[in-house]
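This report goes through a protein model from its overall fold to single residues. The sequence and the structure come first.

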Amino acid sequence: MFATSLGDDGAELSPLQPWQAEEFLAHMDRGREFIGRFNGLPDVVTDLASSKAFLEAYAGKEAADAGLIRAIRLDGTLVGAVILRRLDVSQGIAEAGCWLEPAAVGRGLVTRAARLLIDWAIRERGVHRVEWWVSAGNAPSIAVARRLGMRKEAVLRESHPHRGERHDEEIWAVLAPEWTGDPAH
């Protein structure tokens, strides 16, 4: 219910809400090590209470028009998500993000889901700039940014501490006048 198809392979984008915390935790458990290579979320979502708190935080962001989370499902199973970590409509800026569990990698799910999310932010919410912050070592996420037509604008050297190591972080972005939403982009 309330899902948007991502293609003819059984993939869809749908809301992810606090009442789905148990399912979200099971998803995080399946992908904990893989997701945690570049993303701190598995270190935050460790039990049912923290899973529910994370989803409640995003429900609050969505209610405040300050961010949102959407599930990526494959044949009904939660396999990942795309988020607007930050949404500031008055300033016209958003920051998108994503993750997938290992079983869902290599199918173009994040690119398709992020394209819908960015298109919504630009066309429906009037956002002028969508950013994609990514660890410089996260080649798959950088490839998504490229496929989305984003440009690399900066490298923040050793700016991001993760699991005891400092990582370079890249900032990619697309501006509304550049956005085509074209899957061939």
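## Fold and dimensions

The protein contains five helices and eight strands, where helices (H or I, at least four residues) and strands (E, at least two) are DSSP runs numbered from the N terminus. Along the sequence they follow the pattern β-β-α-α-α-β-β-β-α-β-α-β-β. This is a predicted model, in which local features need pLDDT of at least 70 and side-chain atom pairs count only at pLDDT 80 or more, while totals for chains, interfaces and linings use all residues. Residues are numbered from 1 along each chain as its sequence is written, and side-chain values use heavy atoms, with hydrogens and water left out.

The C-alpha atoms fill a box of roughly 40 × 40 × 35 Å along the principal axes. The radius of gyration of the protein is 16 Å, which agrees with the value near 16 Å for a compact globule of 185 residues. That radius is taken over C-alpha atoms, and the globule rule is 2.2 Å times the number of residues to the power 0.38.

Contact means heavy atoms within 4.5 Å. Of the contacts between residues at least 6 apart in sequence, 59% join residues at least 24 apart.

## Surface and charge

The protein exposes about 9,200 Å², and carbon and sulfur atoms supply 52% of this area. Accessible areas come from the Shrake-Rupley method with a 1.4 Å probe; for residues, only the protein chains shown count as cover. Buried residues make up 46% of the 185 residues; buried means under 20% relative accessible area, exposed over 50%, and partly exposed in between (1.4 Å probe, protein chains only).

There are 22 positive and 27 negative charges, and their mean positions are 3 Å apart. Lys and Arg count as positive and Asp and Glu as negative, without His and the chain ends. Each charge is placed at NZ of Lys, CZ of Arg, CG of Asp or CD of Glu.

## Nonpolar cores

A nonpolar core is a set of buried Ala, Val, Leu, Ile, Met, Phe, Trp, Tyr and Cys residues joined through side-chain atoms within 4.5 Å. The largest one has 35 residues, of which Ile72, Val130, Trp132 and Met150 touch the most other members. Elements that each supply at least two residues of this core include strand 3 (68-74), strand 4 (77-88), strand 6 (129-135) and strand 8 (165-175). Helix 4 gives the largest share, eight residues. Apart from this core lies another, of 17 residues, among them Leu25, Met28, Leu41 and Ile83.

## Individual residues

| Residue | Relative accessible area | Class |
|---|---|---|
| His167 | 16% | buried |
| His160 | 27% | partly exposed |
| Asp75 | 64% | exposed |

His167 lies in strand 8, and His160 in strand 7 (residues 151-162). Leaving out residues up to four places away in sequence, His167 touches Ser135, Leu156, Glu158, Ser159, His160 and His162. With the same exclusion, His160 touches Glu165, Arg166, His167 and Glu169. His160 and Ser135 are 25 residues apart in sequence, with their C-alpha atoms 7.9 Å apart in space.

Asp75 is found in the loop between strand 3 and strand 4. Asp75 has a positive phi of about 50° although it is not a glycine. Glu158, also not a glycine, has a positive phi near 45°; Glu158 lies in strand 7.
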